[in-house]
Every structure is written in structure tokens, then in C-alpha cells.
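Trainee: I would like to learn how to read a protein model feature by feature. Where do we begin?

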Amino acid sequence: VELKRYDEHCHNEKESRTIKELRIYEEYADRLFYKNSTCALFAPGMMEMLMEMVNLKRVIIVGCCTDICIQNFAIALRNFFDELNMDIDIIVPKNAVELI
């Protein structure tokens, strides 16, 4: 449904691949989330995983489409943490997103 509103994006191997600077961390990932909307918070299992992380202090968001996916995730994540009284920093580094 999302592609009715936006041009096709991140649906081929090249566009959805992790950037080379972060690929070294993929081997440490113990979970992988697949999203079907512009907001990763609603990917199956994401909210549950965040609530399990009792020592979580900060979330760093990287990616492309700062005006769509990054923004939607950051705002929803902030609201999610606020609702649960979780004092967690959300960081979006300029050099790890595509500024639009």
C-alpha cells in the first residue's frame, strides 16, 4: 500500500543493503526486522524487543529518506518511549542519513 503514495524504493538488493561503514556490525545482529511501512516501530517484534531492553540508553537511527522513514520512525519512537516513561535518547547522525 505504501508504494501507492511513494515511488518504489528499497525493494532491490542494492537499495536495501546496509551501508559499507556499518556492515561490519551485521555479524553481531541477533534480530532482523522487516517493515512494511515507513515506520520501523511497527515492524513485527520491534516494540516487544524495545521493551525487553531494560538497560537501553540510546537509539541511533541511520538510513535514507530523512523526510519519510527516518522522521516517521524517530517521532513514533519518541512517542513510544514517552508513553512508557522511558528516558532514552534518540540520535540521528547527519553523516549516517541521506539529508533531503
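Predicted model: local features only at pLDDT ≥ 70, side-chain atom pairs only at ≥ 80, totals over all residues.

Trainee: What share of the contacts comes from residues 24 or more positions apart?

Mentor: Take the contacts in the protein chain with a separation of 6 or more: 61% of them are between residues 24 or more positions apart.

Trainee: Next, charged side chains. What is the general idea, and how many salt bridges does a search of the whole structure find?

Mentor: Side chains of opposite charge can pair when their charged atoms come close. In this structure the search finds two salt bridges. One joins Glu52 and Arg31, whose closest N and O atoms are 2.9 Å apart. This pair links distant parts of the chain, as Glu52 belongs to helix α3 (residues 46–52) and Arg31 to the loop between α2 (20–23) and α3, 21 residues apart.

Trainee: Is Arg31 buried, partly exposed or exposed?

Mentor: Arg31 has 38% relative accessibility, so Arg31 counts as partly exposed.

Trainee: Which residue forms a salt bridge with Arg78, and where do the two lie?

Mentor: The partner of Arg78 is Asp82, with 3.2 Å between the closest N and O atoms. Both residues sit in helix α4 (residues 66–83), four residues apart, which is about one turn of the helix. Arg78 is partly exposed because its relative accessible area is 28%. Asp82 also counts as partly exposed, at 43% relative accessibility.

Trainee: Now the aromatic rings. How should I describe a pair, and how many aromatic pairs does the structure hold?

Mentor: A pair of aromatic rings is described by the distance of the centres and the angle of the planes. The structure holds one such pair. Phe80 and Phe81 form it, with 5.9 Å from centre to centre and 50° between the planes, and the pair is tilted.

Trainee: Are Phe80 and Phe81 buried or exposed?

Mentor: Phe80 counts as buried at 11% relative accessibility. Phe81 has a value of 0%, so Phe81 is buried as well.

Trainee: What about cysteines? How many disulfides does a search of the whole structure find?

Mentor: The search finds zero disulfides. Cys39, for example, is in no disulfide, and the nearest cysteine sulfur, that of Cys69, is 8.7 Å away. To count as a disulfide, the two sulfur atoms would have to be within 2.5 Å.

Trainee: Are Cys39 and Cys69 buried or exposed?

Mentor: Cys39 is buried, with 6% relative accessibility. Cys69 is buried too, with a relative accessible area of 15%. The cut-off for buried is under 20%, so both values qualify.

Trainee: One last feature. Which side chain makes a polar contact with that of Thr38?

Mentor: The side chain of Asn72 does, at 2.7 Å. Thr38 lies in the loop between α2 and α3. Thr38 is buried, because its relative accessible area is 11%.

How values were computed:
Residues numbered from 1 in each chain as written. Heavy atoms only, no water. Buried < 20%, exposed > 50% of the residue type's maximum accessible area, 1.4 Å probe, protein only. Salt bridge = Lys/Arg side-chain N within 4 Å of Asp/Glu carboxyl O. Polar contact = N/O pair within 3.5 Å; in protein donor to acceptor, adjacent residues only side chain to side chain. Contact = heavy atoms within 4.5 Å. Phe/Tyr/Trp six-rings, centres within 6.5 Å; stacked < 30°, edge-to-face > 60°.
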